[in-house]
Amino acid sequence: MKPLLLVFLGGGLGSILRYVISKTLNPYFQYFFLGTFLVNIIGCLLIGIILGLSFRGNFLSHNQTLLLTTGFCGGFTTFSTFAFEKHSLLTAGELLYFSVYLLVSIVVGIAAVAFGLWLSKVL
């Protein structure tokens, strides 16, 4: 029961923070969803740091890792919104914006995970 509660709490906090960031930043650009992009990249960085620290051994407990990765990062990041926004760009005929946003999100996301893992080694 405790793992479910940890995931629930972390997910709720992550979801609230994602909502606030997306509602604040998404209206700034017509064809680039800045809030969604930032939460996904920050989430990639965080999961890299958290899992890197978890892999080190005694730095984070299993419950702390569960709270922060599956819970918080799972609630904070959003693949479904990312996919919907890509779909909306495609249906609007905005192939260039679709391509750039998709490529930048994937490349920067993977780089953020790698950077987070690297950071966890130097912390």
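**First stop: a loop residue**

Select Thr 77, which lies in the loop between α3 (62-76) and α4; helices here are DSSP runs of H or I of at least four residues, strands are runs of E of at least two, and both are numbered from the N terminus. The model is a predicted one, in which local features need pLDDT of at least 70 and side-chain atom pairs count only at pLDDT 80 or more, while totals for chains, interfaces and linings use all residues. Residues are numbered from 1 along each chain as its sequence is written, and side-chain values use heavy atoms, with hydrogens and water left out.

Is Thr 77 buried, exposed or partly exposed? Its relative accessibility is 23%, so Thr 77 counts as partly exposed, where buried means under 20% relative accessible area, exposed means over 50%, and partly exposed is in between (1.4 Å probe, protein chains only). Now show the residues that Thr 77 is in contact with, leaving aside neighbours within four places in sequence: they are Arg 18, Val 39, Asn 40 and Gly 43, contact meaning heavy atoms within 4.5 Å. If you draw a line between the C-alpha atoms of Thr 77 and Leu 38, which are 39 residues apart along the chain, the separation is 9.1 Å.

**Second stop: across to helix α2**

Next, select Asn 40, which is found in helix α2. Asn 40 is buried, with a relative accessible area of 14%. Not counting residues up to four places away in sequence, Asn 40 touches Thr 77, Thr 78 and Phe 82.

**Third stop: the rings**

A pair of aromatic rings is described by the distance of the centres and the angle of the planes. Rings of Phe, Tyr and Trp (its six-membered ring) pair if their centres lie within 6.5 Å, and planes under 30 degrees apart count as stacked, over 60 as edge-to-face and the rest as tilted. By this rule the model has 9 aromatic pairs. The centres of the Phe 79 and Phe 82 rings are 5.8 Å apart and their planes are at 40°, so this pair is tilted. Phe 79 and Phe 82 are 3 residues apart in helix α4 (residues 79-91), and therefore about one helical turn separates them. Colour the two by accessibility: Phe 79 counts as exposed at 66%, whereas Phe 82 is buried, with a relative accessible area of 10%.

Which kind of pair do Phe 82 and Tyr 101 form? Select both, and you will find an edge-to-face pair, with 6.1 Å from centre to centre and 65° between the planes. This pair links distant parts of the chain, with Phe 82 in helix α4 and Tyr 101 in helix α5 (residues 95-122), 19 residues apart. Tyr 101 is buried, with a relative accessible area of 1%.

Then show Lys 86, which lies over the face of Phe 82, at 4.1 Å from the ring centre; a charge sits over a ring if NZ of Lys or CZ of Arg is within 6 Å of the ring centre and within 35 degrees of the ring normal. Arg 56 likewise lies over the face of Phe 59, at 5.3 Å from the ring centre.

Move to Tyr 97, which is found in helix α5 and counts as partly exposed at 39% relative accessibility. Tyr 97 and Tyr 31 are 66 residues apart in sequence, yet their C-alpha atoms are 6.3 Å apart in space. Leaving aside neighbours within four places in sequence, Tyr 97 is in contact with Tyr 31 and Leu 89.

**Last stop: the whole protein**

Finally, zoom out. How many helices and strands are there in the protein? There are 5 helices and 0 strands, and read along the sequence the pattern is α-α-α-α-α. The C-alpha trace spans about 50 × 30 × 20 Å along its principal axes, and buried residues make up 34% of the 123 residues. Among contacts between residues at least 6 apart in sequence, 72% join residues at least 24 apart.
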